Amino acid sequence: MKLLSGLDGAFLSLETPATPMHVASLHLLELPPGYRGDFPADIRRLMGRRLHLAPILEHKLAAMPLQFANPAWVRDDAVDLDYHVQHLALPAPGDQATLEDCVAGLHGELLDRARPLWRLWVIDGLASGHVAYYVKVHHAMLDGLAGVLLAQVLFDVTPTPRTVPRRGRAATAEHPGMGQLAAAALRHDAGQVVKFVRRLPEVARTLAGLVGLAGGPAAPDAGAGAGAGAGAAARTRPGQNFAFGPSTVLNVTITGARRFAGLSLPLESLKQIARAHDAKLNDIVLALASGALRRYLAHHGGIPKKPLIAAMPISLRARGNTDFTTQATLTLVNLHTHVADPIRRLHAIRDAAGAAKLLTGRADALLPTDFPSLTLPWILHGLASLYGRSGLAGAIPPVANLIISNVPGPQVPLYAAGARMSTYWPLSIPEHGLGVNLTVMSYAGSMGFGVVAATVAVPDARAFTRALREAFEELVEKSKVKPRPRPAPKPRLARAPAKKGVRAGPR
């Protein structure tokens, strides 16, 4: 039995039907030449053999009495793989848009808290001959980097599945009583209170330092031409980033209906752009998002004069840490969307992101991932429900306009039951007031952009990925970078046969 950390428990407490708190990934898989087997059954057998390598997948929640504290993870009696690994067949025409709509529907459904908090779907019927693989896991179980660790456990680096250690003697299922759960929660919270008191001097020093670091790089003059100081670095003005973002169509109270679109761009071209401007790869991701926002908002309410702000998760995971838990915090980054010239905008973002990273590194002491949770679950859940019903998200100035996350992924091809993974598109969580989540994952020479949007904020997520591609092409042209497109995987004629009686899409 292991109690959830304060941050992991918060993801459970803040969950409502309008704001499911799971993360996911969508992949296209190339079946081996001449394959005639039952691929969903192969995946189910593979998962059965490897669950013990990621024990969190065999644990479910044990709630505290009256939900007075965060629940605990306890081992399940038997994971029902027929429930957790599902098979779907896409309806005609089986194109990319049909797949994205199907996955959007699945991504809007809550996970069953009476079972381990993960599910997987094998989706066939794609006209390309690929098989799709969509897996979602509750954010209370892991963050982006832990998701990469999970992928390395469940997938292989060769077409032939590796031999994994046999499961030892099966662990006994845990059924702690109410008294045992309550005692564990009290011990945990007492320890967290002691840690917090000991860190108070450090917190005070950090707060004093934040006063001078709350600013960020000043934005270039939005009306200046491309030739006026295009390569000059922006200067820092205290207080520049400590401001609300402008109200846009993205910043509304949302429902559980979702839209999704995926886009893959060549990693080497993005790296060339970064080298051309002495920038980080993450700066290029932010610049692409900024350019896409300008294009999208130009047709949906207009480009605000005030720059949009991105909430950006920053990992707090120490090198070598392989715990399946959430170890991250958020920082705010100015996207400088009011700057028309893409190169000057990129330079401003580069400096703003650097200042934000410094600020977050100093603020680690203020934002621990574990903290006392007595009475917190029902307070947080009540506030989250009330906030959604009140409609305040669309009425007050947003602190941020969207969420952007960039997670480094595996750089070698991965395989599932012999099928090569050709794409890696991450999906994450929109929130009230933050109707769009853009998560990016690098994989085997490409960058996969996953756009998850609340339908009420962005009715067509593919319009956003089209804007991302246009922003990429513009940066390539302006930076005089020769693009190196990654060849699309050749479609296979072989595909897993569709089973009769399966539903052809999400509820």
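**Notebook: strands and a helix pair**

I started at H87, which stands opposite V122 in β6. Before going on, I noted that this is a predicted model, where local features need pLDDT of at least 70, side-chain atom pairs count only at pLDDT 80 or more, and totals for chains, interfaces and linings use all residues. Residues are numbered from 1 along each chain as its sequence is written, and side-chain values use heavy atoms, with hydrogens and water left out.

**Entry 1: around β6.** I checked the labels: helices (H or I, at least four residues) and strands (E, at least two) are DSSP runs, numbered from the N terminus. Strand β5 (residues 85–89) pairs with β6 in the parallel sense over 5 bridges; two strands pair if DSSP finds at least two bridges between them. I then followed the chain through helix α4 (residues 96–107) and found that β5, α4 and β6 make a right-handed β-α-β unit. Right-handed here means that, with the strands pointing away from the viewer, the path from the first strand over the helix to the second runs clockwise.

**Entry 2: is β6 buried or exposed?** I got 7 of 7 residues buried for β6 (residues 118–124), with buried meaning under 20% relative accessible area, exposed over 50% and partly exposed in between (1.4 Å probe, protein chains only). Both faces are covered: W118, L120, V122 and D124 lie on one side, and R119, W121 and I123 on the other.

**Entry 3: on to β7.** β6 also pairs with strand β7 (residues 131–138), this time in the antiparallel sense over 6 bridges. I looked up W121 and found Y134 as its bridge partner in β7. The two strands form a hairpin with 6 residues between them, and G125 in the turn has a positive phi of about 95°.

**Entry 4: which helix does α8 cross?** Helix α8 (residues 267–276) and helix α12 (residues 461–478) have axes that come within 10 Å and cross at roughly 50°. Axes are lines fitted to C-alpha atoms, for helices over the stretch in contact, and angles run from 0 to 180 degrees between N-to-C directions. That angle makes α8 oblique to α12; under 35 degrees counts as roughly parallel, over 145 as roughly antiparallel, 65 to 115 as roughly perpendicular and the rest as oblique. S269, L270 and I273 of α8 make the contact with F472, L475 and V476 of α12, where contact means heavy atoms within 4.5 Å. S269, L270 and I273 are also among the buried residues of α8. Just after α8, I spotted D278 with a positive phi of about 50°.
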